Amino acid sequence: MAVDPRGSDLKSYLQEDPGGPVVMLNLLRFKEGGRKSYAEYGRAIQPFLEKVGGEVVYAGDGSTALVAEPGQAWDAVLLVRYPSRAAFSQMVADPGYQAITHLRTDALQEAVLQATTPWPGRRG
C-alpha cells in the first residue's frame, strides 16, 4: 500500500490545479504503535505548514463507520488547507520537510491523501 505521494502523482496534482486554496483530505490507518510516530510527525511538520501558509483545519480519530464496507474504517482523519496546490508542492519539496517524512511513512499502514475542490458557490 502506498502511503506517500510519488512524483507522477504530484505532477498530475499540479497539472489539474483549478487555482485557489486546496484542502487535503488525509485518511490514515496506523501500523501497530504508529500513533506515536505520527504524533511526532504532527509536531515536526508545523513549521513547514506555517512557512507555506498551510493550516490543519480538522484532526480527529475515526469512530463508528455508518456506511462502509468491512475494512474501510479509518483510524484518523485530517483536513489540511493550503493557499494553493503549489504551496503544498513547495512544502513537500523542502529538504527539511523531506528529512521528517520518515515519521509519517513509518507510522502508516495505509493512507489516502486527496486534494479537494469546493463546490460552486461554496468556500474551501
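**Close-up views of a predicted model**

**View 1. The second largest pocket and its lining.** Eleven nonpolar, two polar and five charged residues make up the lining of the second largest pocket. The model shown here is predicted. The second largest pocket holds about 320 Å³ of space. Its lining counts 18 residues. Nearest the centre of this pocket lie P5, D9, M24, L113 and Q114.

**View 2. The elements around the second largest pocket.** Three elements, α1 (7-15), α3 and β4 (108-116), each give at least two residues to the lining of the second largest pocket. Strand β4 gives the most, with five residues.

**View 3. The largest pocket and its centre.** The volume of the largest pocket is about 520 Å³. A total of 33 residues line the largest pocket. Look for N26, Y38, Y41, I45 and R104, which are the closest to its centre. Sorted by class, the lining of the largest pocket has 23 nonpolar, six polar and four charged residues.

**View 4. The elements around the largest pocket.** Which elements give two or more residues to the lining of the largest pocket? They are β1 (22-30), α2 (34-52), β2 (55-61), β3 (76-82), α3 (85-93) and α5 (101-107). Helix α2 gives the most, with eight residues.

**View 5. R81 in strand β3.** Find R81 in strand β3. Is R81 buried, partly exposed or exposed? R81 has a relative accessibility of 25%. Buried means under 20%, and exposed means over 50%. R81 therefore counts as partly exposed. Now locate E32. R81 and E32 are 49 residues apart along the chain. Their C-alpha atoms are separated by 28 Å.

**View 6. The fold as a whole.** The protein has five helices and four strands. Along the sequence they follow the pattern α-β-α-β-β-α-α-α-β. Among contacts with a separation of 6 or more, 84% join residues 24 or more positions apart.

**View 7. Overall size and surface.** The C-alpha trace spans about 35 × 35 × 25 Å along its principal axes. The radius of gyration of the protein is 15 Å. A compact globule with 124 residues would have one near 14 Å, so the protein agrees with that value. Buried residues make up 33% of the 124 residues. The protein exposes about 7800 Å². Carbon and sulfur atoms supply 53% of that area.

Notes. Residues numbered from 1 in each chain as written. Predicted model: local features only at pLDDT ≥ 70, side-chain atom pairs only at ≥ 80, totals over all residues. Heavy atoms only, no water. 1 Å grid on protein atoms, 1.4 Å probe; cavity = no way out; pocket = protein on both sides within 12 Å on 5 of 7 lines; lining within 4 Å. Points joined across faces, edges and corners; volume = space filled by probe spheres on them. Nonpolar A, V, L, I, M, F, W, Y, C, P; charged D, E, K, R; others polar. Buried < 20%, exposed > 50% of the residue type's maximum accessible area, 1.4 Å probe, protein only. Rg over C-alpha atoms; globule rule 2.2 N^0.38 Å. Contact = heavy atoms within 4.5 Å. Areas by Shrake-Rupley, 256 points an atom, 1.4 Å probe, with all protein chains shown as cover.
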